[in-house]
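Please report on the local geometry of this chain.

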Amino acid sequence: MISTNDINVFLNSNNYDIRKSGNARWLDQKVTYDVSSIIADCVLNYIDSNENSEFTSSDIWHSEYTANNILAIFNKPDVNEQKMKNEYDKFFSQPLLFLASSKVLTLTKKGKRNFYKLNNRDMLEFIATREYNSFTFTTMYIEKVMRDSDLWPEFENFFVNQDKDSYNKLKESFGNFLREYTPINGELEPNRIFTKVINPLAVSRRKYGTKGGHISKSIISLSDLQYNQPNFRDLHTKKPKDTSRSDWATQLNQSVNILRTTYQIGKVKKFLHNYNKEYRNNQSEILDNWSVGSATQMHHIFPVADYPEISDVIENLIALTPTQHLTKAHPNNNTQRIDKSYQKSLLLSKLANIKDNLSGKTGPKIYDFQQFVNVVATGFDVDLSIENDDYEILINIINQYYI
């Protein structure tokens with residue numbers, strides 16, 4: 001997986017000074033981390049499915065893959081519905097302009113139309129694979145733009161003081177800056193963009209941000225940045241102590257867009273399958289008597305039904321052969337059952353594979369040790385903090401749990 005250092009190297013190779021670019025669309029109203037992630041995924045799918053590497057917003061908009069997933073995830077009408085044309089134009093064009101402004105894509109204007117090409121696949125894949133990756137990239141990019149534009153001292157002052165005066169000073173400076181160096185005029189548009197700039201920064205620092213045109217009364221949360229849907233993972237953390245995981249998941253089905261979760265799971269499964277095929281010769285991630293053949297099954301170590309909050313986390317997935325999946329992981333082909341002793345073996349094998357990946361032995365880095373710690377903590381229902389990627393401690397914890 002790309003590290004924050006890799007992102008810094010990429011961002012530092014570019015100058016995003018708005019005073020030089022005059023770019024008013026480096027960030028916009030529809031640019032939320034969840035929308036940017038799915039648009040990045042749709043772009044990757046389009047690029048990999050078409051010979052022409054150049055594309056427009058309309059190409060992404062009207063692709064079958066995009067249409068199916070936008071309908072499922074954001075509960076929007078058919079992408080071909082005429083009255084939704086303006087809404088969809090913003091929904092697709094604004095994240096694409098954001099990706100181009102950050103240099104993940106390149107933008108060429110031909111007449112009045114924008115044409116895009118891939119500039120950095122690693123960054124695009126990083127943004128597409130996990131919504132939180134998209135948040136991380138967006139936040140780091142916003143800070144880099146503000147630093148390059150010499151606006152950062154005002155933001156820094158606000159995040160230190162967190163009061164009405166520092167907020168008003170920052171908001172005024174930001175609006176004046178946009179009106180001076182970009183084609184933006186008036187009050188409304190700068191205020192909308194201000195929200196998209198300050199709140200991701202606030203979330204990453206656990207600070208107050210903006211709500212309703214004023215300093216927020218509470219710390220901004222990640223869910224405040226989402227486009228229009230409640231988050232299954234966030235809601236699941238509010239599970240009552242006296243309610244089982246499976247019962248709580250059933251209750252949540254009416255509260256969230258389950259198809260969105262299904263999409264996220266499918267996306268990360270596809271990513272792991274492609275990675276395993278390219279860099280591990282399609283082998284199973286656990287070598288035993290049942291590992292003969294191709295690893296076509298992307299298996300959840302901790303089942304989706306009981307642990308939906310880690311259902312789209314790649315560290316909770318392991319590539320298995322069909323025999324391993326339906327004979328060992330799920331005894332007697334019963335997908336409602338799991339073999340605890342085999343689950344232990346899967347966790348230990350996954351940890352070993354993560355270690356190999358992070359040490360550079362198997363392709364580009366795609367894993368995060370702390371994410372695997374979170375998977376184990378969630379699966380065991382315990383508070384778990386392990387610093388410095390200490391594999392031995394985690395191995396001992398896994399072994400002790402299954403005694």
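In which loop does Arg206 lie? Arg206 sits in the loop between helix 11 (188-205) and strand 3. Helices (H or I, at least four residues) and strands (E, at least two) are DSSP runs, numbered from the N terminus.

This is a predicted model, in which local features need pLDDT of at least 70 and side-chain atom pairs count only at pLDDT 80 or more, while totals for chains, interfaces and linings use all residues. Residues are numbered from 1 along each chain as its sequence is written, and side-chain values use heavy atoms, with hydrogens and water left out.

**Positive phi**

Two residues have a positive phi although neither is a glycine: Arg206 and Asp389. Asp389 is in the loop between helix 17 and helix 18. Buried means under 20% relative accessible area, exposed over 50%, and partly exposed in between (1.4 Å probe, protein chains only).

| Residue | Phi | Relative accessible area | Class |
|---|---|---|---|
| Arg206 | about 55° | 63% | exposed |
| Asp389 | about 50° | 35% | partly exposed |

**Hairpin**

Strand 3 (residues 208-211) pairs with strand 4 (residues 214-219) in the antiparallel sense, over 3 bridges. Two strands pair if DSSP finds at least two bridges between them. Tyr208 has Ile219 of strand 4 as its bridge partner. The hairpin has 2 residues between the strands, and Gly212 takes a positive phi near 60° there.

**Helix 17 and helix 18**

Helix 17 (residues 369-380) packs on helix 18 (residues 391-401) at an angle of about 15°, with the axes 12 Å apart. Helix 17 is therefore roughly parallel to helix 18. Angles under 35 degrees count as roughly parallel, over 145 as roughly antiparallel, 65 to 115 as roughly perpendicular and the rest as oblique. Axes are lines fitted to C-alpha atoms, for helices over the stretch in contact, and angles run from 0 to 180 degrees between N-to-C directions.

Phe369, Phe372, Val373, Val376, Gly379 and Phe380 of helix 17 meet Tyr391, Leu394, Ile397, Ile398 and Tyr401 of helix 18. Contact means heavy atoms within 4.5 Å. By class, this contact has 10 nonpolar, 1 polar and no charged residues. Ala, Val, Leu, Ile, Met, Phe, Trp, Tyr, Cys and Pro count as nonpolar, Asp, Glu, Lys and Arg as charged, and the others, Gly among them, as polar.

**Helix 8 and helix 9**

Helix 8 (residues 131-148) and helix 9 (residues 152-161) pack at about 120°, with axes 7 Å apart. That makes helix 8 oblique to helix 9. Glu143, Met146 and Arg147 of helix 8 meet Trp152, Phe155 and Glu156 of helix 9. The contact divides into 3 nonpolar, no polar and 3 charged residues.
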